[in-house]
Amino acid sequence: LVYARRVVLYLMAPIPYRNWVLFTFKLSPGTVSPHLVSHFRNHPGAGRSAKKKAKTTASASAQAQAGGDTCRVEISREIFASTQFYNGKKLLSIRKHFQKDGQWLPTKKGISLTAEQWETFCGVSAEVAACLRGGRDFGPVDLSRSKKVKVETYKGRCLASIREYYQKNGEGEWLPTQKGVSLGLDQWAKLEENMGVLTGSMAKA
């Protein structure tokens, strides 16, 4: 029974954390048999159990990724929010990633915020969430001169866009660049859930 529970925990864990599960419970990939995988995935109670445990361990997963003065939390399968140092300055990055050789690596599709920009961002998070739930446009709110957050409908989906903008010839209308990321309601809720962990990490010099 204990072994079965460990297999369930392995299956529940996001892909980047599975090696940690294997190490902690002294499992090896070969011991997680295809028959057990199939059984637990198709068991009537497996989905309900996984969802219930996932909710209670979301913050714990974020804490587990905290190391030293930086941390990383999973917003969705390909999007992570992380704190990091760049040129001696603490930044918070919300960015798409891709997998290579079992590791998640950052892409250019994302945005980095300073502590002041992150504070402004957190200040409007509740209103952004309300607009996402209600399908209403919101903003843009300036995080800096060129970085903005807004809620808009794109291809039938209501999304929160955190993005850098530019002006042609330094004047006129602000136009979006590729440097940014768009989040749906579920992804935004996940980000909000972990704002405390991220803010605490940003406060560490």
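Me: How many aromatic pairs does a search of the whole structure find?
Reply: This is a predicted model. Rings pair if their centres lie within 6.5 Å. Searching the whole structure on that basis gives a count of 3.

Me: Is the pair of Trp 118 and Phe 121 stacked or tilted?
Reply: The ring centres of Trp 118 and Phe 121 are 5.3 Å apart. Their planes make an angle of 20 degrees. Planes under 30 degrees apart count as stacked. So the pair of Trp 118 and Phe 121 is stacked.

Me: Why are Trp 118 and Phe 121 separated by about one helical turn?
Reply: Both residues belong to helix α5, residues 115–123. The separation is about one turn because Trp 118 and Phe 121 are 3 residues apart in helix α5.

Me: Is Phe 121 buried or exposed?
Reply: The cut-off for buried is under 20% relative accessible area. Trp 118, at 2%, counts as buried. Phe 121 has 0% relative accessibility, so Phe 121 is buried.

Me: Which parts of the chain does the pair of Phe 121 and Trp 188 link?
Reply: The rings of Phe 121 and Trp 188 form a tilted pair, 5.2 Å centre to centre with 45 degrees between the planes. The two residues are 67 residues apart, and the pair links distant parts of the chain. Phe 121 lies in helix α5, and Trp 188 lies in helix α7 (residues 185–193).

Me: Which residues do ring pairs link into a cluster?
Reply: Trp 118 pairs with Phe 121. Phe 121 pairs with Trp 188, and Trp 188 is buried at 0% relative accessibility. The cluster is Trp 118, Phe 121 and Trp 188.

Me: Which residue's ring has the charged end of Lys 148 over it?
Reply: The charged end of Lys 148 is 4.8 Å from the centre of the ring. Lys 148 itself counts as buried, at 7% relative accessibility. The ring belongs to Trp 174.

Me: Which residue forms a salt bridge with Lys 148?
Reply: The structure holds 2 salt bridges. In the one with Lys 148, the closest N and O atoms are 2.7 Å apart.

Me: How far apart are the closest N and O atoms of Lys 150 and Glu 152?
Reply: Lys 150 and Glu 152 form a salt bridge. Glu 152 counts as partly exposed, at 29% relative accessibility. The closest N and O atoms are apart by 3.5 Å.

Me: Which residue in the turn between β2 and β3 has a positive phi?
Reply: β2 pairs with strand β3 (residues 89–100) in the antiparallel sense, over 8 bridges. Ile 79 has Lys 96 in β3 as its bridge partner. The hairpin has 2 residues between β2 and β3. The residue with a positive phi, about 55 degrees, is Asn 87.

Me: What percentage of the residues of the protein chain count as buried?
Reply: The protein chain has 8 helices and 8 strands. Its accessible surface comes to about 12400 Å², with 53% belonging to carbon and sulfur atoms. Of the 205 residues, the buried share is 37%.

Notes: Residues are numbered from 1 along each chain as its sequence is written. This is a predicted model: local features need pLDDT of at least 70, side-chain atom pairs count only at pLDDT 80 or more; totals for chains, interfaces and linings use all residues. Side-chain values use heavy atoms; hydrogens and water are left out. Rings of Phe, Tyr and Trp (its six-membered ring) pair if their centres lie within 6.5 Å; planes under 30 degrees apart count as stacked, over 60 as edge-to-face and the rest as tilted. Helices (H or I, at least four residues) and strands (E, at least two) are DSSP runs, numbered from the N terminus. Buried means under 20% relative accessible area, exposed over 50%, partly exposed in between (1.4 Å probe, protein chains only). A charge sits over a ring if NZ of Lys or CZ of Arg is within 6 Å of the ring centre and within 35 degrees of the ring normal. A salt bridge is a side-chain nitrogen of Lys or Arg within 4 Å of a carboxyl oxygen of Asp or Glu. Accessible areas come from the Shrake-Rupley method with a 1.4 Å probe; for residues, only the protein chains shown count as cover. Two strands pair if DSSP finds at least two bridges between them.
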